Amino acid sequence: FDFWCHEFKRPPIVEELISGPGLARIHRFCVAEDGHDAVTLLDPGDITQRAFAGGDAACRRAVELLVEGIGYEVRNFAVRTNALAGVLLWGGVLDRIESALAWPPFARGLDASFGERLLPHLPVTLVKSDTLGLDGALVLAERL
């Protein structure tokens with residue numbers, strides 16, 4: 001918690017961590033947690049590439065923490081909105097970490113605490129569309 005308050009000068013909001021830029025912040029945390037002072041700042045693409053290639057424990061841990069956080073947020077969203085029929089995910093970093101959504105940390109975040117009773121089979125779908133915003137605007141325009 002001290003690391004994040006130092007990073008942001010306040011407690012962070014979810015979007016600052018569970019995102020592409022958030023992955024870079026999580027990576028800095030993982031490096032600091034390993035006791036290293038200086039770190040070359042990596043962009044999310046480099047972090048994910050190193051995480052999946054193996055051999056870089058801080059990058060792997062950063063991606064694991066990111067997908068666990070995404071799992072927590074999916075669970076929280078589903079419970080708050082009663083979206084038990086499923087949740088759709090989309091966004092830039094998700095395309096790079098798609099296979100990590102099958103890793104145990106995502107399921108751990110999704111099933112944490114009360115989730116294991118309420119969300120045993122919650123469908124989570126990764127939406128792949130370069131025009132998702134336009135598609136949604138078109139649907140809304142057609143309805144109007």
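**Buried cysteines, nonpolar core and selected sites**

Cys59 is buried, with a relative accessible area of 0% (buried denotes under 20% relative accessible area, exposed over 50%, and partly exposed the range in between, with a 1.4 Å probe and protein chains only). The structure is a predicted model, in which local features need pLDDT of at least 70 and side-chain atom pairs count only at pLDDT 80 or more, whereas totals for chains, interfaces and linings use all residues. Residues are numbered from 1 along each chain as its sequence is written, and side-chain values use heavy atoms, with hydrogens and water left out.

Cys30 is likewise buried, at a relative accessible area of 1%. A search of the whole structure returned 0 disulfides, a disulfide being a pair of cysteine sulfur atoms within 2.5 Å. For Cys30, which is in no disulfide, the nearest cysteine sulfur is that of Cys59, at 8.7 Å. Cys59 is also in no disulfide, and the cysteine sulfur nearest to it is that of Cys30.

In soluble globular proteins, nonpolar side chains tend to be buried together. The largest nonpolar core of the model contains 31 residues; such a core is a set of buried Ala, Val, Leu, Ile, Met, Phe, Trp, Tyr and Cys residues joined through side-chain atoms within 4.5 Å. Ile47, Val63, Ile70 and Ile97 have the most contacts inside this core. Two or more core residues are given by each of α2 (20-33), α3 (44-53), α4 (57-81), β1 (87-89), α5 (92-97) and α6 (104-111), where helices (H or I, at least four residues) and strands (E, at least two) are DSSP runs numbered from the N terminus. The largest share, 9 residues, comes from α4. With residues up to four places away in sequence not counted, Ile70 touches Ile18, Leu89, Leu94, Ile97 and Phe106 (contact means heavy atoms within 4.5 Å).

Two partly exposed residues were also examined. Gly86 lies in the loop between α4 and β1 and counts as partly exposed because its relative accessibility is 28%. Leu122 and Pro123 are touched by Gly86 when residues up to four places away in sequence are not counted. The C-alpha atoms of Gly86 and Val74 are 9.6 Å apart, with the two residues 12 residues apart in sequence. Arg25 is located in helix α2 and is partly exposed, with a relative accessible area of 22%. Between Arg25 and Pro44, which are 19 residues apart along the chain, the C-alpha separation is 9.4 Å.
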